[in-house]
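Dear colleague,

I am passing on to you the structure that we spoke about, with the sequence alongside. Please look through it first, and then read my notes below.

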Amino acid sequence: MDDDTTDEVFAELKARPLGGWGVAQIAAGTGLAVYAMWVGILQPGFRRVPLRLQVPYIPASKAQVDNVMTLLRCRKGGIVDLGSGDGRIVLEASRQGFIPAVGYELNPWLVRLARFHAWRAGQHGKVSYRREDLWKVDLTECKNVTVFLAPSVLSLLQEKLQAELPDDALVVAGRFPFPNWEPFRTEGQGVDRAWAYSMQAQRQHMSKINHVVGSHNYCPYT
């Protein structure tokens, strides 16, 4: 992803009015003063997380959720949402038949909010929200992965995904694309856009790049 694309999405996020309900969602999701106390006092370990890896909570819009699910159409099996926030991606995936549907989120307030949403939707017991560090999650058996994370995190996460996911896995990114991957399909426009990536295609692409780099570095006289 080039800088122009990133700037375009950030600009649209800043320009889009949240409205009363949007503000209420963010307040509920982050816990505001309570969350600040949690970060500063109750969970000093969180302060050791590098600033570029701390992702602010911005609720996914209905259009964003719809675009992600469109890219997942015809896929089967389980799904994992990394940085699941208030859980709406996992909840919708469960409604559309993904079993198991699991969300990983480090913020305990968002995990509780996600569980409340699942209970209110009658999906409690059908979905799972776990308070875990996404960097420690074992993804070797995952076939469907969704992420709504900042570009600084995606640049590191793509290495973990490429190392752990099986070839037949599909990764869908919302709001921001992976910086060094080539999507095979996109859905939506602007801040609502989602990108789909085939792990098999990514590995083939990286293999070609490494082959080209290796051939350029070859010296027959050494």
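How many helices and strands does the protein chain have? In this model, which is predicted rather than experimental, the chain has 8 helices and 7 strands.

Before the details, a word on confidence. The mean pLDDT of the protein chain is 80, and 69% of its residues reach 70 or more. Over residues 18–53, however, the pLDDT is below 50, although this stretch does have 46 contacts in the model beyond near neighbours in sequence. Where pLDDT is low, the predicted coordinates should not be read in detail.

As for the chain as a whole, 43% of its 222 residues are buried, and its accessible surface comes to about 12200 Å², with 56% of that area belonging to carbon and sulfur atoms.

The buried residues in question are Q64, V65, N67, V68, M69, T70 and L71. What do they pack against? Their partners are helix α5 (88–95) together with the strands β4 (144–147), β5 (170–174), β6 (185–187) and β7 (194–198).

Turning to the aromatic residues, a search of the whole structure finds 4 aromatic pairs. In one of them, F178 and W181, the ring centres are 4.5 Å apart and the planes lie at 25°, under the 30 degrees that counts as stacked, and so this pair is stacked. Both residues are buried, F178 at 1% relative accessibility and W181 with a relative accessible area of 4%. Together with Y197, F178 and W181 form one aromatic cluster. Elsewhere, R112 lies over the face of W109, at 4.7 Å from the ring centre.

Finally, the cysteines. How many disulfides does the structure hold? The number is 0, a disulfide being a covalent bond between the sulfur atoms of two cysteines. Is C74 buried or exposed? With a relative accessible area of 76%, C74 is exposed, since this value is over 50%, whereas C142, at 11% relative accessibility, counts as buried because its value is under 20%.

Note on methods
Residues numbered from 1 in each chain as written. Predicted model: local features only at pLDDT ≥ 70, side-chain atom pairs only at ≥ 80, totals over all residues. Heavy atoms only, no water. Helix = DSSP H or I, 4+ residues; strand = E, 2+ residues; numbered from the N terminus. Buried < 20%, exposed > 50% of the residue type's maximum accessible area, 1.4 Å probe, protein only. Areas by Shrake-Rupley, 256 points an atom, 1.4 Å probe, with all protein chains shown as cover. Phe/Tyr/Trp six-rings, centres within 6.5 Å; stacked < 30°, edge-to-face > 60°. Lys NZ or Arg CZ within 6 Å of the ring centre and 35° of its normal. Contact = heavy atoms within 4.5 Å. pLDDT = per-residue confidence, 0-100. Disulfide = S-S within 2.5 Å.
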